[in-house]
Amino acid sequence: ARPQIVVATKIDALDDESRLGRLRERAEADGKLFFAISSATNKGISQLVRVVSVKLDELKARDDKKDTVELTL
């Protein structure tokens with residue numbers, strides 16, 4: 001099973017911090033990795049890129065060519 005990742009963006013523009021906390025809790029309860037990022041401040045970007053890079057390397061190293069990478073925007 002591939003780990004699923006939830007990414008919250010534009011965290012620099014949040015008007016209610018509790019929404020981010022609830023989203024994090026829900027993602028983690030569902031067994032998903034959670035990242036909060038801001039491209040305006042670069043917060044969380046390097047951690048997200050690092051994890052995605054590792055996961056893509058893991059997929060590339062596998063011999064099973066039936067794997068696909070799904071990105072949802």
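The structure is a predicted model, in which local features require pLDDT of at least 70 and side-chain atom pairs count only at pLDDT 80 or more, while totals for chains, interfaces and linings use all residues. Residues are numbered from 1 along each chain as its sequence is written, and side-chain values use heavy atoms, with hydrogens and water left out.

The protein contains 2 helices and 2 strands; helices (H or I, at least four residues) and strands (E, at least two) are DSSP runs numbered from the N terminus. Along the sequence these elements follow the pattern β-α-β-α. Contacts are defined by heavy atoms within 4.5 Å. Among contacts between residues at least 6 apart in sequence, 53% join residues at least 24 apart. The accessible surface of the protein amounts to about 6,100 Å², and 51% of this surface belongs to carbon and sulfur atoms. Accessible areas were computed by the Shrake-Rupley method with a 1.4 Å probe, and for residues only the protein chains shown count as cover. Of the 73 residues, 16% count as buried. In this classification, buried means under 20% relative accessible area, exposed means over 50%, and partly exposed lies in between (1.4 Å probe, protein chains only).

Strand 1 and strand 2 run parallel and are joined by 4 bridges; two strands are taken to pair if DSSP finds at least two bridges between them. From strand 1 the chain passes through helix 1 to strand 2, and this β-α-β crossover is right-handed. The term right-handed applies if, with the strands pointing away from the viewer, the path from the first strand over the helix to the second runs clockwise. Within the pairing, Ile5 stands opposite Leu33 in strand 2, and Val6 has Phe34 as its bridge partner in that strand. Val6 belongs to strand 1, which covers residues 5–8. Not counting residues up to four places away in sequence, Val6 touches Leu23, Ala27, Lys32, Leu33, Phe34 and Phe35. The C-alpha atoms of Val6 and Leu23 are 8.9 Å apart in space, with the two residues 17 apart in sequence.

The largest nonpolar core comprises 6 residues, namely Ala8, Ile11, Leu20, Ala27, Phe34 and Ala36. Two or more residues of this core come from each of helix 1 (17–29) and strand 2 (33–36). A nonpolar core is a set of buried Ala, Val, Leu, Ile, Met, Phe, Trp, Tyr and Cys residues joined through side-chain atoms within 4.5 Å. Ala8, a member of this core, touches Leu20, Leu23, Phe34, Phe35, Ala36 and Ile37, when residues up to four places away in sequence are not counted.

A salt bridge is assigned where a side-chain nitrogen of Lys or Arg lies within 4 Å of a carboxyl oxygen of Asp or Glu. The count by this rule is 2 salt bridges. In one of them, Arg26 is paired with Asp30, with 3.0 Å between the closest N and O atoms. Arg26 is exposed at 55% relative accessible area, and Asp30 is partly exposed at 41%. Glu58 forms a salt bridge with Lys55, for which the closest N and O atoms are 3.7 Å apart. Glu58 and Lys55 both lie in helix 2 (residues 45–61), where a spacing of 3 residues corresponds to about one turn of the helix. Both residues are partly exposed, Glu58 with a relative accessible area of 42% and Lys55 with a value of 28%.

Positive phi angles were also found in the loops. Most residues other than glycine have a negative phi. Lys10, however, has a positive phi near 60 degrees. This residue, Lys10, is located in the loop between strand 1 and helix 1 and is exposed, at 62% relative accessibility. Asn42, likewise not a glycine, has a positive phi of about 65 degrees. Asn42 is situated in the loop between strand 2 and helix 2, and its relative accessible area of 56% places Asn42 in the exposed class.
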